[in-house]
Amino acid sequence: MVSSADPAANVDYRALFESSPHLLLALSPSLTIVAATDAYLSATMTRRADVIGRGIFEAFPDNPDDPASGSKNLRASLAAVQRTRAADVMEVIKYDIRRPEERGGGFEERFWSPVNAPVLAADGSLAYIVHRVEDVSEAVRLRRIGSEHDQVVDDMRNRAVQVELDTVERVRQPQRANQELRDARDEAETANREKSEFLAIMSHEIRTPMNGIIGMTGLLLDTPLNFQQRQYTETVRGCADSLLIIINDILDISKIEAGRMELETVQFDLRQIVEDAVGLLADKAFGKGIELSCLVEAGTPRMVTGDPGRLRQVLVNLLSNAVKFTATGEVSVRVGMQEGAVTSAATLPTVPGGAPAVALPIFFEIRDTGIGMAKQTLSRLFQPFTQGDASTSRRYGGTGLGLAISRRLVEQMGGNITVTSAPGAGSTFRFNVHLEERPAPPELFLPQLQGLTALCVDDNATNREILRLQVASWGIIADVAQSGPQALTLIRAAHAAGKLYRIAILDMHMPDMDGIALAREIRADPTLNDLTLIMLTSVSSYAIADEAVRSGIAASLTKPVRQSRLYDVLVQVLGPASGLKIPSLAPKVLPALRGRVLVADDNAVNQRVTIGQLARLGCRGDAVSDGVEALAALSRIAYDAVLMDCQMPEMDGYAATREVRQREKLRGLKRTVVVAMTADAMCGNRDLCLAAGMDDYVTKPVRIDALAEVLLRWLPLVEPTMLDEAVLERLTAETGDSALVLAVLADYEQDAAKYLHDVASAAEALDMQRLNLAAHRLKGSSLIIGANLVADLCLRLENPHVQVEVIAPTVAALRQGLQATVASVNKRRSPDYSRPPTAA
């Protein structure tokens with residue numbers, strides 16, 4: 001019996017063992033678990049009752065779905081201890097630790113550095129084996145993080161080797177080892193941050209002179225140049241634009257890696273953003289003969305809150321790659337709700353009125369029929385500066401940054417991105433983001449469309465399905481046909497059965513029988529006169545439109561078809577015959593403005609969209625990416641207005657505007673109009689813009705009609721040009737005879753009264769066929785001499801389905817426009833005529 005004076009008599013050795021801060025297991029010689037520390041149980045997410053008395057490999061089984069993790073090395077180590085009665089130090093191995101069901105189940109990846117040591121009995125036999133591990137998952141994670149920087153990778157590798165060789169010492173001194181790992185992590189993060197900051201600084205420094213080149217070449221293009229000079233200057237401008245895109249990509253990836261990329265929160269129309277992104281690539285796709293289609297599935301929320309600029313950037317990046325690497329076939333975009341995902345509104349703010357905001361998982365799928373990629377390429381596809389073909393003789397250019405930026409942006413928006421591909425089988429990129437749903441205005445779809453029958457004809461299966469789903473969302477019952485002959489068979493069979501189709505949507509470009517030929521076959525059968533024909537074409541031209549009208553086609557649409565535009569056309573062409581109440585479909589006439597506008601926005605895609613909108617309004621636009629660059633550009637060029645994004649890196653729009661006003665005051669300069677582009681038009685934000693010295697504001701995402709309304713208050717309105725001098729100069733150059741051009745102008749002046757009389761008399765009699773023909777003739781003559789205003793007015797009257805109520809005012813406007821055009825013709829023919837200066 002041990003004396004009570006002995007202090008060890010009162011020690012509970014099992015409790016002492018279990019309370020150890022180290023990760024320990026005590027195993028019997030047969031490898032049954034007899035004791036475990038609380039730290040080990042916590043690390044493995046198990047309970048003591050679940051492991052004591054069980055074999056170690058029974059209590060901690062392998063992950064059957066991950067052959068890389070396993071207990072093979074551990075079995076060998078324990079067997080060696082049983083055999084030699086000596087300790088065995090193992091290399092770092094990967095374990096998949098099973099999670100309890102209450103924590104979601106499955107496995108969690110961990111990396112451990114184990115030591116197995118024997119405990120011998122008095123007679124030298126093996127009493128226990130102590131299995132001790134150190135969790136070095138953090139070290140492995142840091143080694144992965146440091147892989148982007150060579151020096152850090154080397155340092156991490158040396159440290160990892162040292163850690164593996166000195167495992168026993170590190171077990172004895174865990175605090176020192178952990179401190180070393182923390183230091184290594186800090187070094188890796190510092191090095192990565194410094195690299196990103198260096199790239200950001202260099203990108204900014206390079207982009208500043210590039211903006212100067214672009215701005216100055218733009219000014220040069222506004223001066224009189226001969227053909228060769230203009231060609232050279234446009235080449236310089238195009239190369240500068242291409243280089244600026246690369247620089248912007250480098251800046252984006254640098255900002256993301258440095259943690260300086262911030263997302264906006266704006267309410268926007270999801271379908272509009274998707275269709276805008278597709279529209280940006282439409283010309284490039286159709287130029288290669290590729291079908292480009294887009295489907296936003298029914299049930300997808302229309303109004304959401306998020307960052308539309310960055311979402312559009314991801315879509316444009318993926319679509320650009322799809323079009324670039326596809327030579328034949330198609331590129332399609334599909335958007336919808338993530339299947340099986342759970343939505344949650346617990347932590348989201350509420351919209352005005354108290355309605356909860358719901359985070360919805362929205363998926364975006366971009367599929368192409370391009371060259372595809374090998375499996376080894378997919379593993380490194382989303383790494384910066386990585387391309388599928390990295391050879392110097394590669395066929396496709398690019399920096400390899402687009403996909404890396406897209407992945408980081410998607411992750412910042414709470415989602416992930418994946419790709420499936422195979423050589424020669426195309427690629428499918430799929431990503432999802434969480435967007436907050438907001439109340440949307442009610443859809444104005446007319447109930448009278450429900451129950452109508454339609455036939456969708458297209459040789460492309462994806463386009464057929466998209467058309468069917470689009471019209472089905474309005475209650476139209478649709479069948480599909482993949483060729484003209486098949487469509488004729490279906491139409492005639494339906495007619496014979498007494499179930500006539502009401503609408504036929506025809507693709508223009510189909511093998512064997514195109515849309516025009518199919519329309520003529522249908523119109524040749526008088527029993528099918530009630531069938532309304534709509535044509536889809538990838539090329540918009542007057543020749544095709546004229547041929548379509550002569551073939552009995554009611555309306556033509558350019559692909560990819562916006563769903564809202566298809567609806568408007570259906571209502572328009574069906575209205576007169578079906579008694580539908582037609583909403584106003586008169587196109588908004590955008591004002592013609594004059595001026596040079598600077599766009600300051602840190603998103604390259606937003607820059608492209610805004611400059612395109614300015615071009616439609618008649619303005620020349622240049623782009624910069626922050627307030628510092630905006631100030632530099634304004635010091636070189638006297639811009640008529642600045643569209644200033646409020647939230648930008650380096651210097652935001654508020655600070656830049658204050659600096660602009662300060663410079664104007666000190667130097668006595670003319671005040672430059674600054675229009676804020678803000679994500680929030682609430683009163684407080686408006687006041688903040690005005691207090692910074694801004695003159696006006698437009699909310700993001702910017703719509704062209706809203707932009708036109710704002711700029712109309714600050715920029716001069718250009719009266720419509722009666723005669724386009726560029727057209728007349730080109731006509732002179734082509735014919736080589738200025739006297740012939742004057743003769744053409746004289747003929748136009750002489751025939752103008754007759755043309756106008758024909759149009760007016762047909763309009764008064766509401767003779768639509770004669771009105772269309774007379775307007776078409778006048779339009780053709782007007783286009784020859786560059787009388788664009790008259791041609792545009794004639795185009796409205798040329799539409800066989802022009803609304804009656806707009807005919808009279810259009811004819812009145814045509815009469816005034818033709819009078820002004822004739823006056824310009826007379827002035828142009830006078831001997832003392834001198835060409836007016838070109839507007840900036």
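This is a predicted model: local features need pLDDT of at least 70, side-chain atom pairs count only at pLDDT 80 or more; totals for chains, interfaces and linings use all residues.

Guide: Happy to! The chain holds 29 helices and 23 strands. Of its 840 residues, 46% are buried. Its accessible surface is about 41,300 Å², and carbon and sulfur atoms account for 54% of that.

Now for our close look: helix α27, which covers residues 768–785. We can follow how it packs with two other helices, α26 and α25. In general, a pair of packed helices is described by two things: the angle between their axes and the distance between those axes.

Take α26 to begin with, residues 738–764. Its axis lies 9 Å from that of α27, and the angle between them is about 160°. Angles over 145 degrees count as roughly antiparallel, so α26 is roughly antiparallel to α27. The crossing of these two helices is left-handed. To find the contact on the structure, look in α26 for residues including Val744, Leu745, Tyr748 and Tyr755. On the α27 side, the residues that meet α26 include Leu771, Ala774, Leu778 and Ile785. Charged residues take part as well, among them Asp758 in α26 and Arg770 and Arg777 in α27. Sorted by class, this contact has 13 nonpolar, 3 polar and 3 charged residues.

Next comes α25, residues 725–735. Here the axes are 7 Å apart and the angle is about 80°. Since angles from 65 to 115 degrees count as roughly perpendicular, α25 is roughly perpendicular to α27. Val727, Leu728 and Leu731 of α25 meet Leu783, Ile784 and Ile785 of α27. That contact consists of 6 nonpolar residues, with no polar and no charged ones.

Asparagine 432 sits in strand β13, which runs over residues 427–437. Its relative accessibility is 11%, so asparagine 432 counts as buried, the cut-off being under 20%. Leaving aside residues up to four places away in sequence, asparagine 432 touches Gln338, Ile362, Phe363, Val410, Gly415 and Asn416.

How values were computed
Residues are numbered from 1 along each chain as its sequence is written. Side-chain values use heavy atoms; hydrogens and water are left out. Axes are lines fitted to C-alpha atoms, for helices over the stretch in contact, and angles run from 0 to 180 degrees between N-to-C directions. Helices (H or I, at least four residues) and strands (E, at least two) are DSSP runs, numbered from the N terminus. Angles under 35 degrees count as roughly parallel, over 145 as roughly antiparallel, 65 to 115 as roughly perpendicular and the rest as oblique. A crossing is left-handed if the near helix is turned anticlockwise from the far one by less than a right angle, and right-handed if clockwise. Contact means heavy atoms within 4.5 Å. Buried means under 20% relative accessible area, exposed over 50%, partly exposed in between (1.4 Å probe, protein chains only). Accessible areas come from the Shrake-Rupley method with a 1.4 Å probe; for residues, only the protein chains shown count as cover.
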